[in-house]
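The tour below moves from one selection to the next.

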Amino acid sequence: MAEVLSPIVSERIWALPISGASVKFLQYLIFRSDHGGYLPIRQKDMAREYNVTPQSISNLIAPLIDLKIVLRPQNEDGSKGNSYSLHPLAAKYASHQDMETAFRKALATIKAGDLPNLRLPSYAAVPPTESDGRPNLQVA
């Protein structure tokens, strides 16, 4: 069975307020992640694989962390942890059923305040429609 990618981020990736380089890096993170979003790779190893400096990785991942697409858990002392994971609502899964189960759990955890919600942009306006209900989209 083929992997399933969360549509919450993948279908709105064009609207993310981040650079094209960060969008491309997100695709790399999704590829490198385990099902459910855990990233079993350290930042210095990402830099080596991605053929950039560790500082470049920091610059690419920072906007994704700001949007809560990438999560960086804190250590017990409150300092930043050195591991990363994709938000459960932005991860890939082994099956559609696994994704639905993970989404239900993530939404409950968000409501409980134990998981941040994604900070994705919303539509500013619904496109106008024709009389047949289709959007009236035109090239200027």
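A salt bridge here is a side-chain nitrogen of Lys or Arg within 4 Å of a carboxyl oxygen of Asp or Glu. The model is predicted, so local features need pLDDT of at least 70 and side-chain atom pairs count only at pLDDT 80 or more, while totals for chains, interfaces and linings use all residues. Residues are numbered from 1 along each chain as its sequence is written, and side-chain values use heavy atoms, with hydrogens and water left out.

Select E49 and R32 to begin, whose side chains meet in a salt bridge at 2.9 Å, N to O. The pair links distant parts of the chain, 17 residues apart, with E49 in helix α3 (residues 43-50) and R32 in helix α2; helices (H or I, at least four residues) and strands (E, at least two) are DSSP runs, numbered from the N terminus. E49 is partly exposed at 38% relative accessibility, and R32 is partly exposed at 23%, where buried means under 20% relative accessible area, exposed over 50% and partly exposed in between (1.4 Å probe, protein chains only).

Next, select S33, in the loop between α2 (20-32) and β2 (38-39). S33 is buried, at 5% relative accessibility, and, leaving aside neighbours within four places in sequence, S33 is in contact with Y38, L39, P40, L86 and K92 (contact means heavy atoms within 4.5 Å).

From there, move to K92, which is buried at 9% relative accessible area and whose side chain meets that of E3 in a salt bridge (3.7 Å, N to O). Finally, select R42, D45 and R48, which are linked in a network of salt bridges.
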